[in-house]
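Dear colleague,

Please find below the structure for your records. My notes on it follow directly after.

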Amino acid sequence: MNFFLIIFYMSLNNFSLGLNKHWLPNQEWNSENNWIEGRIPDWDSHIIFPLEMRHVAGLPPEGDLRMSTINLPADGALILPKNGKLQIVDKVGKNEKIGTWSKEGPFFWADPQNWNSTSEAVPHLERVPCQMDMIVLPSENRVFNIHLPMQTVKVKGVLLNSKEISLSEWNYHLNDREFSNKKKTVRFSNSIGCERCLCQEGKQIDYFEEVCDIQRPRCGNPNCENALKVEGHCCHYCGARLSFSSIVYTRLLSRLTNEALKSYHASISWYMRTTWEGGLEILIAEKGQYTGVSSLEALRTLKHYLIEEGVQILYTENSGGPVNVNRLASVLGPIFGGLIFALISLIIIFLYNGYSYVQILQGTREIWFSIRDGVQTSNGKENSYKFARFQNFSEGGVQLSGCDKLENNVDDNEPCSSGGRFENPLYKSKREYKKEINIESTKEIDFNSPVSLMTLNKRIEGENLEELKMTNEEISETEQ
């Protein structure tokens with residue numbers, strides 16, 4: 001029992017004094033995750049490093065390395081161990097193997113993925129080193145390259161080769177090739193122990209924005225219906241939260257939370273933090289795929305347990321169930337639901353005003369047929385052409401636009417720029433008829449060839465049509 005109490009108080013002391021934050025990126029040749037093919041290249045392979053690699057890569061510390069061709073980066077470096085050997089042979093075969101380095105870009109200090117985190121419930125800002133955390137850098141047989149933050153931050157200390165170094169040694173190492181940003185923005189904190197310290201001194205927003213500039217592009221859509229907005233978290237937060245006032249003791253709340261949630265350690269993670277306003281809150285997140293069930297059960301269990309222990313809770317929040325995969329159904333559901341509700345409301349109003357079911361059904365059918373006929377007409381399924389009859393005026397020419405070829409002063413062979421006259425198809429204009437007769441009358445009869453009586457008859461009838469009609473009085477005068 002005494003041993004358990006010692007371990008328990010040591011855990012509380014670690015909570016108050018911060019955590020060890022380890023630098024995670026592995027930049028060694030012998031790591032399979034550093035190659036696109038997922039395996040270490042064989043001998044005599046063609047090795048390709050990205051043009052903008054912008055970090056260092058450590059070649060194998062033991063044995064000779066031989067390759068046929070190598071594409072070096074424009075911005076980056078290869079670290080060869082003291083006893084290492086690199087050989088490039090001019091041997092290119094038909095089945096030459098290719099090895100491509102997968103990582104590109106610098107490794108930022110402010111990237112939450114470059115540091116180990118205690119749980120999924122920790123906000124992004126507090127996953128990077130805070131002022132009460134101890135920094136653990138890789139051992140001397142590993143290479144690393146860190147792009148220091150733009151904002152000045154503080155840490156408790158630095159462990160290099162499993163040994164804590166002094167502030168003067170740290171400032172000296174900041175000039176080494178391992179730190180690409182030469183600004184000495186990482187300093188040591190003077191705080192010995194703090195239970196309500198924020199991640200960094202002063203305003204958190206500047207350092208928070210630098211972290212989120214890296215993390216936000218990875219967020220994507222939230223997996224929960226009502227995502228929470230948590231201080232220091234760059235994305236929407238899916239889980240639960242309990243908020244407390246500043247009068248609650250930190251160690252007491254930590255102990256009660258561990259006791260209440262000890263049966264949920266396999267399904268959820270929880271984290272207690274100090275808010276930017278000085279209060280306390282407990283964040284609960286699920287491990288693995290979000291379902292909303294485990295976090296809700298843990299929230300209810302913890303809330304009931306703390307109330308029984310006399311701890312005052314300001315409020316609780318839950319992000320709800322998971323987002324349905326079919327987002328279209330979730331969007332169209334309220335729309336169709338509103339239409340159905342409006343239709344039912346209209347039926348009730350009509351019944352209230354004395355209309356029968358038959359009248360409502362008949363009116364609905366008439367509306368439906370009207371809409372259907374309108375849709376069919378708009379879709380062009382019916383013939384939209386109608387026959388138009390023109391009045392039979394004596395001069396049957398309708399002028400559209402452009403020149404008039406029917407006028408005497410216009411040449412028939414001259415083209416019109418646009419439009420022209422068209423004739424009424426229901427009758428033949430007298431002017432055109434006379435024109436055709438004149439054309440035929442101009443044709444001379446060839447008496448050298450045989451001529452039929454029918455041709456002579458048509459010629460005589462055509463000449464008679466050109467004579468003027470005379471009234472009876474004119475005929476009598478002529479006879480006299």
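At 32% relative accessibility, Ile-347 counts as partly exposed, because that class lies between buried (under 20% relative accessible area) and exposed (over 50%), with a 1.4 Å probe and protein chains only. The model is predicted, so local features need pLDDT of at least 70 and side-chain atom pairs count only at pLDDT 80 or more, while totals for chains, interfaces and linings use all residues. Residues are numbered from 1 along each chain as its sequence is written, and side-chain values use heavy atoms, with hydrogens and water left out.

Ile-347 is found in helix α6. Together with Leu-343, Leu-351 and Tyr-357, Ile-347 makes a nonpolar surface patch of about 390 Å². Helix α6 (residues 327-352) gives the largest share of this patch, three residues. Accessible areas come from the Shrake-Rupley method with a 1.4 Å probe, and for residues only the protein chains shown count as cover. Helices (H or I, at least four residues) and strands (E, at least two) are DSSP runs, numbered from the N terminus.

Strand β14 (residues 268-274) is mostly covered, with six of its seven residues buried. Seven bridges join β14 to the antiparallel strand β15 (residues 280-286); strands pair if DSSP finds at least two bridges between them. Ser-269 stands opposite Ala-285 in β15. The two strands form a hairpin with five residues between them, and Gly-278 in the turn has a positive phi of about 100°.

The structure holds nine aromatic pairs. Rings of Phe, Tyr and Trp (its six-membered ring) pair if their centres lie within 6.5 Å; planes under 30 degrees apart count as stacked, over 60 as edge-to-face and the rest as tilted. Among the pairs, Trp-35 and Trp-101 are edge-to-face, at 5.2 Å centre to centre and 85° between the planes. Trp-35 lies in the loop between β1 and β2 and Trp-101 in the loop between β7 and β8, so this pair ties together parts 66 residues apart in sequence. Both Trp-35 and Trp-101 are buried. Phe-208 and Trp-276 also form an edge-to-face pair, at 6.0 Å and 75°. Phe-208 is buried at 9% relative accessible area, whereas Trp-276, at 30%, is partly exposed.

Kind regards

How values were computed: Patches are made of residues with over 30% relative accessible area and no salt bridge: like charges are joined within 9 Å, nonpolar side chains (Val, Leu, Ile, Met, Phe, Trp, Tyr) within 5 Å. A salt bridge is a side-chain nitrogen of Lys or Arg within 4 Å of a carboxyl oxygen of Asp or Glu.
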